[in-house]
Amino acid sequence: MSADLQWLLLRNYNSFIVKKVPEGPIFSREPGNLPSLHSYKYSGLANQKTVAVTDTGSNIQISYTKKGASPHAVKPARATINIRSRSGPRRSLGVAAKLSKRGYRPDLRPVLLARVSALAASKKEPKSRPVKKPRGKKA
Amino acid sequence: MASRPTVNVRSTAGEATSSLPLPAVLTAPIRLDVVQQVHKSIAKNKRQAYAVNVKAGHQTSAESWGTGRAVARIPRVGGSGTHRSGQAAFGNMCRGGRMFAPTKTWRKWHVKVNQNQRRFAVVSALAASALPSLVLARGHRIEQIEEVPLVVSSAVESFAKTKEAVALLKSLNAYPDVLKVSNSRKLRAGKGKLRNRRHRQRRGPLVVYNEDKGIVKAFRNLPGVELVNVRRLNLLQLAPGGHLGRFVIWTEGAFGLLDEVFGTFEKAAVYKKDYLLPTAKISNPDVTRLINSSEIQAVVRPAGPKTQKRPWTQKKNPLTNKAVLFRLNPYAKAFRKQQLEKKAEKPKKVKTAGEAFLKTLFAP
């Protein structure tokens, strides 16, 4: 079934919709949705080609649907790229951008890189700051 | 549909052994509106009647006191010696009175649905159960499953122990769905707790079999798992709550029988007299492919620039700005020129002084 038809069936109800903000943006908790926004372009369910970025403990995992996969296959239809957790943002973004550069959903490139860089930034150790000396009354 | 795609049949250990062609039912049109309407009606058929007591509120012999007694004219209970005497009775606004429009048992509780509509809904729900995105969207945990529809060999139908059933589900990676159900078991909010509806939980996989040689007893104790014979598929189980995409596990025998139970688009069903599958209004629902097809691309005008340039940054008024006026109305230039020439042609009347004036001016 086409992606358009599936989107029409899924857009009004699906178990991943989050509408917590009144009169606010509609979010989506699907794994294949990069900016977690509920829309056709970013949907991880309706589209044939989807990219999912998750953080397993030891690596950042980019999983994408394979091109020639049957519409009925679930697990064998996905391929994964693992980025080692300690490789910095520059290397992670390079690996992630390769997917878009070879033409796989190039329209998702900015959100894909944003998500990967957000995950990579969370892996960085926080800067050690000098202890704050108490001033004024507290001294 | 020239050649049917095939679906792998998995053994009880989980690997794919043989394969079966996809039955035509699973490619039928998916009509959410039909399913929702039919589900709404069918769900009403299991209702039990409720009503207030016929005599409620009328078991008094109250009469109105009429006017002149400085009280409202509502019927009041007669007699004395008790608090109830003189109290208002009978009205829906009175304490202890009858309610407005007392509910009756002869309300229409059940809804009749046309047979063809019922079948259309079941067929749509089955087709939706063959699309992994719809099953995922409904909330089933099938990310690790090999393919949808999931078909298992007929050896499952002779399972006798629940242990075997659990082992099968685990080998198929379908067990997370059952776990989801057992983790979601909670006390129901409200009075349903006291009315034999104490807990509520999610729905798990639906197992469809051909012959019950013990499979029902093996699977029925697993939370959330429902079993049904392929000849008696139920919309309330295929689309619970009117939501498409139940996770269905087929046995090989049941899957192969689907073409006989529902027929195809050309061949009538065996188990439903003269029934053919409904055809879709649009045979190709893929908008992108339609746009890129040769028939449409042949008549489409060439695309414009990707980013439109602004024709001007500042709008200038043609009524005051001559250049813009002449750009919009080329004739205006020629017309203006004509006007100017006409004005130049007209001889300038030189007003010479008259005779009488000059005489007076130069008078000695």
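This note goes through the chain contact, the nonpolar cores, the salt bridges and some backbone details of a predicted model.

1. Basis. The model is predicted, so local features are taken only at pLDDT of at least 70 and side-chain atom pairs only at pLDDT 80 or more, while totals for chains, interfaces and linings use all residues. Residues are numbered from 1 along each chain as its sequence is written, chains are lettered from A in the order in which they are written, and side-chain values use heavy atoms, with hydrogens and water left out.

2. Contact between the chains. Chain A brings 18 residues to the contact and chain B brings 28 residues, where contact means heavy atoms within 4.5 Å. The buried area is about 2100 Å², and carbon and sulfur atoms give 66% of that area. Buried area here is the accessible area (1.4 Å probe) that two parts lose on being put together, summed over both.

3. Polar pairs across the contact. Nine residue pairs, both members at pLDDT 80 or more, are in polar contact between chain A and chain B. A polar contact is a pair of N or O atoms within 3.5 Å; within protein, one must be able to donate a hydrogen and the other to accept it, and residues adjacent in sequence count only if both atoms are side-chain atoms. On the side of chain A that touches chain B, eleven residues are nonpolar, five polar and two charged. In this division Ala, Val, Leu, Ile, Met, Phe, Trp, Tyr, Cys and Pro count as nonpolar, Asp, Glu, Lys and Arg as charged, and the others, Gly among them, as polar.

4. The salt bridge between chains. One salt bridge is counted between chain A and chain B, the term meaning a side-chain nitrogen of Lys or Arg within 4 Å of a carboxyl oxygen of Asp or Glu. The side chains of K75(A) and E146(B) meet in a salt bridge, at 4.0 Å from N to O. K75(A) sits in the loop between strand 4 (59-65) and strand 5 (78-84) of chain A, and E146(B) in the loop between helix 3 (132-138) and strand 5 (150-152) of chain B, so the pair joins two chains. Helices (H or I, at least four residues) and strands (E, at least two) are DSSP runs, numbered from the N terminus. K75(A) is partly exposed at 36% relative accessibility, and E146(B) is partly exposed at 28%. Buried means under 20% relative accessible area, exposed over 50%, and partly exposed in between (1.4 Å probe, protein chains only).

5. Other salt bridges. Over all chains the count is eight salt bridges. In chain A, R105(A) pairs with D107(A), with the closest N and O atoms 3.2 Å apart; R105(A) is buried at 11%, whereas D107(A) is partly exposed at 36%. In chain B, D33(B) and R31(B) form a salt bridge at 2.7 Å. D33(B) is partly exposed at 43%, and R31(B) is partly exposed at 36%. R203(B), E226(B) and R246(B) are joined into one network by salt bridges that share partners.

6. Nonpolar cores. The largest nonpolar core has 84 residues, and those touching the most other members are L126(B), F219(B), L233(B), L244(B), W250(B) and F262(B). A nonpolar core is a set of buried Ala, Val, Leu, Ile, Met, Phe, Trp, Tyr and Cys residues joined through side-chain atoms within 4.5 Å. Helix 2 (residues 115-128) of chain B gives the most to this core, with eight residues. Apart from this core lies another, of 19 residues, including V51(A), I62(A), V111(A) and A120(A).

7. Helix 1 of chain A. Six of the eight residues of this helix (residues 3-10) are buried, so the helix is largely enclosed by the rest of the structure. The buried residues are A3(A), D4(A), Q6(A), W7(A), L9(A) and L10(A). Their cover includes helix 1 (32-42), helix 3 and helix 9 (287-291) of chain B.

8. Backbone points. V148(B) and P149(B) are joined by a cis peptide bond, with omega of about 5 degrees. S36(A), although not a glycine, has a positive phi of about 55 degrees; S36(A) lies in the loop between strand 2 and strand 3 of chain A. N173(B) is not a glycine either and has a positive phi of about 65 degrees. N173(B) is in the loop between helix 4 (162-171) and helix 5 (175-183) of chain B.
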